[in-house]
Amino acid sequence: MDSVRSPEWPVAPLGGVAANSAAARYGMSPGTGPIVGRAGPPPTAPPPYRPSSGAGSMPQSGKPAAPPIPVKILVAGGFGVGKTTTVGAISEIAPLTTEAEMTTAGIGVDDPGARSTKTTTTVAMDFGCVTIDRSLKLYLFGTPGQTRFGFMWDDLARGALGALVVVDSARLDDCFPAIDFFERAGLPFVVGVNAFDGRLALELGEIRWALAIGDHVPLVQFDARDRLSVRDALLVVLDRALDRATRDRRA
């Protein structure tokens, strides 16, 4: 992990249509526009991802009193795509957030756009946890999305078994740094397309093509506001991590 370069987020144009506010995006009609894609998929791709029959489950240890196994999962993505909302929707404890008021010093750097009502931003990380069953507990770490906090990604990724990359289908260019980061790190990840207002700007097949991700990377649609929807997306991340661990053990 020491060799992984932190993501370099693109700067949103002042007064542009980035609409980085989750609250604003939920109330807007999704639009279409030019898609900025990457040059191509990773040079070498592992076999296509296929969920195992026991997705999201762990074998019972036979000791009911034993504490659950802790599993660290990252919730990553660009600025204002719904990472804090995702953690808060599923956490069984009051989530730890580091939200700070946006000031005039951030104008032109991480300005959310003229149509946005977003007034706060994550300046360190989000933290929450959820118990899957008596044998497994997920600890969720939400990453900051601004360029100046990119140096924290290496530390947050230490010890993580997988990641959920949250994507806004109307702003796909904002998620490329996160996808590139986890591809370089070799960390299993799932791309979760946040359905703002219950709709997507593009079909999932179009999104996979635009992001240039291989078939081995799960691509799911979810609603960051809905607990059950977030749960299903995290279970795919967990299954992806277990699938990787199983293949590594057999190798």
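**Note on the predicted model**

1. Arg158 counts as partly exposed, at 41% relative accessibility. Buried means under 20% relative accessible area, exposed over 50% and partly exposed in between (1.4 Å probe, protein chains only). Arg158 forms a salt bridge with Asp155, with the closest N and O atoms 3.6 Å apart. A salt bridge here is a side-chain nitrogen of Lys or Arg within 4 Å of a carboxyl oxygen of Asp or Glu.

2. This is a predicted model, in which local features need pLDDT of at least 70, side-chain atom pairs count only at pLDDT 80 or more, and totals for chains, interfaces and linings use all residues. Residues are numbered from 1 along each chain as its sequence is written, and side-chain values use heavy atoms, with hydrogens and water left out.

3. The whole structure holds seven salt bridges. Asp223 and Arg225 form one of them, with closest N and O atoms 2.9 Å apart. Asp223 is buried at 17%, whereas Arg225 is partly exposed at 44%. Arg231 and Asp232 form another, also with a closest N and O distance of 2.9 Å. Arg231 is partly exposed at 37%, and Asp232 is partly exposed at 39%. Shared partners join the salt bridges of Asp168, Arg171 and Asp174 into one network.

4. Which residues of helix α2 are buried? In α2 (residues 83–90), they are Lys83, Thr86, Val87, Ala89 and Ile90. They span an arc of only 165° around the axis, which puts them on the same side of α2. That arc is taken from the directions from the helix axis to the C-beta atoms. These residues pack against β1 (69–77), β4 (126–133), β5 (136–142), β6 (162–168), β8 (219–222) and α6 (227–250). Helices (H or I, at least four residues) and strands (E, at least two) are DSSP runs, numbered from the N terminus.

5. Lys137 lies in strand β5. At 19% relative accessibility, Lys137 counts as buried. Beyond its neighbours within four places in sequence, its contacts (heavy atoms within 4.5 Å) include Pro68, Glu92 and Cys129.

6. Ala212 sits in the loop between α5 (204–211) and β8. Its phi is positive, about 55°, although Ala212 is not a glycine. Most residues other than glycine have a negative phi. Ala212 is buried, at 11%.

7. There are four aromatic pairs. Phe181 and Phe182 form an edge-to-face pair, 5.2 Å centre to centre with 85° between the planes. Rings of Phe, Tyr and Trp (its six-membered ring) pair if their centres lie within 6.5 Å; planes under 30 degrees apart are stacked, over 60 edge-to-face and the rest tilted. Both Phe181 and Phe182 are buried. Ring pairs also link Phe127, Tyr139 and Phe141 into a cluster.
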